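Subject: Structure handover

Hello,

I am passing on the structure we spoke about. Please open it alongside this message and read the notes below it.

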Amino acid sequence: MSRQLACGAFAVGLFALAAPSGAQAPAAAPETHKIQNATFHRIVGDTAVFFRRTGGSGQAMGFAVDADGAPHAYAPDFTCEGSNTAWKLPANIGQCSAHAVEKCDHVKGFVGNPAAGEHADYVTCATVKVDHKWTCCDAHEGQCRAAPVHRTQGGCTLHENSDPAKRGFDSLPAAGNPGNWWAVVPKNAIKPAVQGPNDPAPGFYVSGTAYGDPAYPEGSQRRYVDSERINYIALPAHIAQLGVHLGDYAMVINWKTGKLSGAVFADTYVGDHGEHGEGSISLAKQIGIHGDARGHGARSEDVVYVLFPGTKKAFPRDNDQLVLESVRLFVAWGGIPKLKATMPAWASTYAHE
């Protein structure tokens, strides 16, 4: 058994010993807060914030895998020259309606797969609710558009790469657009920074997280929280209004299986995907979810997150210590029994007894 797995097993065992057993008295209903289409809960007089993400066919994901910060997150599959707004995808995007809902997110490109410099209709596919049914359509600000937007492709072309070892954990379109990146740096560059011979993954783009180690410059991969090694979660940027800040600890529970693990709040997002939770590749694996960022996560998962404001410590370098500290905070707070007592509707669906 690896040191990491051994530590995880110890953490779960520690929780099981410390958590009281038996029925718990119902607690007062918690206050709720809406942030970017997501609902967060907090017990009056308590600082901890908790929320639940459920998913299913045609619904928002229960857990989305975030590869950002991993040295191998994004490979330079695309080359852009000059002033460009988007890039050519490897094949004709066709119509969004041809895509299944579960494969709709992050699909974008030019209809007709034009040559560099030509004009074409640019499409961004997204899941949108139409007549109470989820559908994959050409979307803008949460609404289906009747027709694509006519744009100039510019000088972006795709490098076909047949070697899987040289592919990133996620596809580059998920990192943003030339001049408007959110998952690689610099964010306003046409071409992002590439890791050099002394970096963890030479040749791959530098992928960032909102939480960084000030000991390293923004262009260094070592500045960011590594999704492959460190358990982290991503939250809406406006979660700060509840006192939760980057670097704070959290406990994440797979509500279907009872698998749980600690994490750190290390990345933020804005926009319309606040309906689901996000976590690192490492965290996904520790709570029993396939850590495939290209698959974007698991729609059918049911995950509960408990956040502990004001618990930020040193920049996370040791995942074992991170897990143990999160477990300590969770047990002191009241653990699973407190969640069940506070949210009776959740208690009936908790699978691990």
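The notes below cover the disulfides, then a hairpin, a helix and one further contact.

This is a predicted model, in which local features need pLDDT of at least 70 and side-chain atom pairs count only at pLDDT 80 or more, while totals for chains, interfaces and linings use all residues. Residues are numbered from 1 along each chain as its sequence is written, and side-chain values use heavy atoms, with hydrogens and water left out.

Disulfides

A disulfide is a covalent bond between the sulfur atoms of two cysteines. Here the term is applied to a pair of cysteine sulfur atoms within 2.5 Å. By that rule the structure holds three disulfides. With bonded cysteines counted along the chain, their pattern is 1-3, 2-4, 5-6.

Two more terms are needed for what follows. Helices (H or I, at least four residues) and strands (E, at least two) are DSSP runs, numbered from the N terminus. Buried means under 20% relative accessible area, exposed means over 50%, and partly exposed is in between, with a 1.4 Å probe and protein chains only.

Cys96 is buried at 4% relative accessibility, and Cys125 is buried at 3%.

Another disulfide is formed by Cys104 and Cys136, where the sulfur atoms are 2.2 Å apart. Here the torsion about the S-S bond is about 80 degrees, so the disulfide is right-handed. Cys104 sits in the loop between strand 5 and strand 6, and Cys136 sits in strand 8 (residues 133-140), so the bond ties together parts that are 32 residues apart in sequence. Cys104 counts as buried because its relative accessibility is 0%. Cys136 is buried too, with a relative accessible area of 4%.

The remaining pair is Cys137 and Cys144, with sulfur atoms 2.1 Å apart. The torsion about this S-S bond is about -90 degrees, which makes the disulfide left-handed. Is each cysteine of this pair buried or partly exposed? Cys137 is buried at 11% relative accessibility, whereas Cys144 is partly exposed at 34%.

Hairpin

Strand 1 (residues 31-35) pairs with strand 2 (residues 38-42) in the antiparallel sense, over five bridges. Pairing requires that DSSP finds at least two bridges between two strands. Ile35 has Ala38, in strand 2, as its bridge partner. The two strands form a hairpin with two residues between them, and Gln36 in the turn has a positive phi of about 50 degrees.

Helix 4 (residues 335-342) is mostly covered, since seven of its eight residues are buried. Those buried residues are Gly335, Ile336, Pro337, Leu339, Lys340, Ala341 and Thr342.

Leu260 belongs to strand 16 (residues 260-269) and is buried, with a relative accessible area of 10%. What separates the C-alpha atoms of Leu260 and Ile287? The distance is 5.4 Å, for residues 27 places apart along the chain.

Regards
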